[in-house]
Amino acid sequence: MLLKFCIISSILLNGIIAHTNPRIYLVRHATVALEKPGWGTSKNSSKYKAAYNVAGVEAFNPEGVLQKVADYEKLDTVFCSPQPRAQETAEILLSGNAVLKIDSTLSELDYQVVQVPVIQLPVKGWLFISRVAWMAGINKGEKSGYRERIDELNTFTDELTAFAHRNGWALVVAHGMVNRELIKILKYRGWEYSEDGNDGFGNLSVNCLEKIHP
């Protein structure tokens, strides 16, 4: 009986030790295979944004990304946005060796482009203005509001952190804005960047946060 107790205790203890400092990796999708926008009207910007949301990605070498993920060979489940640029990135990275757990909450934060006739600006300028107005609650339109999306990401983070605590790690393939917000939420909950874990928000960036237990 004592031997059985010791064996069970050892197994439980090893599991706790293995996952003492769980990690969460946040990967941004690869560069989108779409011609870079120049100047245009707000209508041009809306068309570009719509095309961007259904476009695939340019070819890339997955090794450079995977080298930033510890023990990536053991990945069997990956949380992923349903949008083509994220799914294609995840499929290239994992080569079918892991299950994609598609979650619509990980879709990029979406907003309508403010419509101002005639005036021309850089397309990215239109998108920036529209995004800021949306986050401020001015540019609401028919899409979900910023606060609503943040609430959804908070709920998703409950699942994400629970998965990381159970398995020792979790990996997300999503988008620049979504990853920024997830990092804010995780840091508020006591997660910190791991050593060399702050990789910025460019295409194929890999940010890593871990939960440090005292």
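The legends below describe close-up views of a predicted model.

**View 1. Helix α6 and its surroundings.** Helix α6 spans residues 146–167, where helices (H or I, at least four residues) and strands (E, at least two) are DSSP runs numbered from the N terminus. Its 22 residues reach 31 Å from the first C-alpha to the last, close to the expected 32 Å, the expected span being 1.5 Å times one less than the number of residues. Among the buried residues of α6 are Tyr146, Arg149, Phe156 and Phe163; buried means under 20% relative accessible area, exposed over 50%, partly exposed in between (1.4 Å probe, protein chains only). The cover over the buried residues of α6 includes β1 (23–28), β3 (77–80), α5 (123–135) and α7 (176–188).

**View 2. Ser45 in helix α2.** Ser45 lies in α2, residues 42–52. Ser45 is buried, with a relative accessible area of 0%. Leaving aside residues up to four places away in sequence, Ser45 touches Val113, Val123, Trp126 and Leu127 (contact: heavy atoms within 4.5 Å).

**View 3. Strands β3 and β4.** β3 pairs with β4 (residues 99–102) in the parallel sense over 4 bridges; pairing requires at least two DSSP bridges between two strands. Phe79 stands opposite Lys101 in β4.

**Notes.** Residues are numbered from 1 along each chain as its sequence is written, and side-chain values use heavy atoms, with hydrogens and water left out. Local features need pLDDT of at least 70 and side-chain atom pairs count only at pLDDT 80 or more, whereas totals for chains, interfaces and linings use all residues.
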